[in-house]
Amino acid sequence: MSVRLAHVADVHLGHRQYGREQREADVKLAFEHFLGKAREHDVTAILLPGDLFDSRDVSPKTLSEAESVLADVDVPVIVSPGNHDQSMGARRELTWLQYLNDTGLITLLSGDPGDDPVFVRTDLDDPRRGGGGFVDIENDGETVRCFGVPYRGAYIESDLPKIAEGIRATDEREGPADTTVLLAHFGVDDAVPDLGATVKRAWLTPIEEHVDYLALGHIHKQYETGDVGRNPGSLEALDIQEGRWDESHGYYVFDTGDVTAEHHLSKRRPYHTMNFDVSSYRTFEDLRGEFADALDDEHAAVERTCERDIHRDGNGDRREPVVNVRFVGTLLLDHGNFDVEALRALAVDRLDALHVQPTNNTERKAIAELLGDIERDEAFDADGTVNTDVLQERVFDTIAGESRYSAETEAVARTLDELEGLVTDDEQGVSAVADYLGERRRELFPNGPGEADDEDRPMNDEPIEGRTSQQTLDARGDE
């Protein structure tokens, strides 16, 4: 006695990366390929916990294609809403998922136990009938009960105990099922701490007491959490970072008989990332020539990526890759002469790419010298770009130290920082800024620049009249 279920998430039909029509077609092709594989696996139903569409405002073309693809599926497609399928703001009475449900192409589960912790049954044969809380799949004498909840953002923390109680109460009312599944659209931060997920691992404990398989979506990277939580990753890589997750896009096949979940990689367009260090070039002509040679050297690595079966098209032919070229190092030539677009076009030609996305992570020489001995982890963000807060602090320190007010370098640098906050945070006009600057000058230098009077100058921990911006509060928190 066994039921086999396919679990896919984050399809994002209609997503058009870089505005390219081919990338929109890639998303549809990846979904069609998955549906063909689900048929080969002889699954009883398909689970899709969120983001079937890329936007709640679906284009007529995307909707028509979705209807055409889903019309060929001969098993139930059970869907719960994701954040891209619906808005957390003013919700429409009829979403496109509800429309597909009412036409019988999907079974939409969007249960909300609320104060009454019992989910309402939906008729699997006629999804228009019922409350959209759960469905029972009957196969060879086995009952698989599928619950589904909508995307709830930060509210999911308080919802999870209610959902668990709703499942328990429903099973008590309906009688227990052989296998219980929950579809939900949220991430788990213990599994992917760098992606801003919102649910802590410990919050899942009450759910795991009542569920045999937790079908997750939302994070486009494959991971598993606990004994029951599975997230398959998106079928297609939808941005450069996701393109680097080479083994993390696909779908699960869950077998209730031996309670196993096997992850399978999806067909998708190849991604490739290369780095090019600009540090040793003083003219753009020299840089361009060396970059052309680097592209020729990189060509073999690109082709190895393109040759993988998961990256080839349905006929087994090569698909043009999406390439991310990361320019790194210290840029010695004038920034205006650094023609990134010319380098991008060269890479498209030399690598036979569908699209080349350049990422400029270079440091300008002046900035590198200004940052000086600041630790790199502090001076640069994770993606290699300059930490502007650290840079701004160093600029203000340099200006203050090299001015006629250098006798009070730290206090003057702090004043410059506060002035910046008055303009950007508090949106003060020229008059207010000038008044504040004059007041601070009198406080710090009552006897004129170059000689401060310590008795008249306020201590760093004293309040500054009229200063309420978050930037000043942050600065004082560092003291």
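The side chain of E298 makes a polar contact with the side chain of H272, at 2.7 Å; such a contact is a pair of N or O atoms within 3.5 Å, where within protein one must be able to donate a hydrogen and the other to accept it, and residues adjacent in sequence count only if both atoms are side-chain atoms. The model is predicted: local features need pLDDT of at least 70 and side-chain atom pairs count only at pLDDT 80 or more, whereas totals for chains, interfaces and linings use all residues. Residues are numbered from 1 along each chain as its sequence is written, and side-chain values use heavy atoms, with hydrogens and water left out.

E298 lies in helix α7, residues 284–306; helices (H or I, at least four residues) and strands (E, at least two) are DSSP runs numbered from the N terminus. Leaving aside residues up to four places away in sequence, E298 touches H272, T273 and M274, contact meaning heavy atoms within 4.5 Å. T273 is 25 residues from E298 in sequence, and the two C-alpha atoms are 9.8 Å apart. With a relative accessible area of 19%, E298 is buried; the term means under 20%, exposed means over 50%, and partly exposed is in between, using a 1.4 Å probe and protein chains only.

The wider chain gives this site its setting. Its 479 residues include 47% that count as buried, and the chain holds 14 helices and 17 strands. Of the contacts with a separation of 6 or more, 68% are between residues 24 or more positions apart. The chain exposes about 22,800 Å², of which carbon and sulfur atoms supply 44%; these areas come from the Shrake-Rupley method with a 1.4 Å probe, and for residues only the protein chains shown count as cover.

In soluble globular proteins, nonpolar side chains tend to be buried together. A nonpolar core is here a set of buried Ala, Val, Leu, Ile, Met, Phe, Trp, Tyr and Cys residues joined through side-chain atoms within 4.5 Å. The largest such core has 33 residues, of which F31, F34, I46, L52 and F53 touch the most other members. Two or more residues come from each of α1 (21–40), β2 (45–49), α2 (60–71), β3 (77–80), α3 (96–102) and β11 (250–255). Helix α1 gives the most, six residues. Beyond four places in sequence, L52 touches V11, H12, L13, F31, D85, L97 and L100. A second, separate core of 24 residues includes F291, A292, A294 and L346.

Y18, which is not a glycine, has a positive phi of about 60° and sits in the loop between β1 (4–7) and α1. Y18 is partly exposed, at 30% relative accessibility. D352, in the loop between α8 (340–351) and β16 (355–360), has a positive phi near 50° and is likewise a residue other than glycine. A relative accessible area of 38% makes D352 partly exposed.
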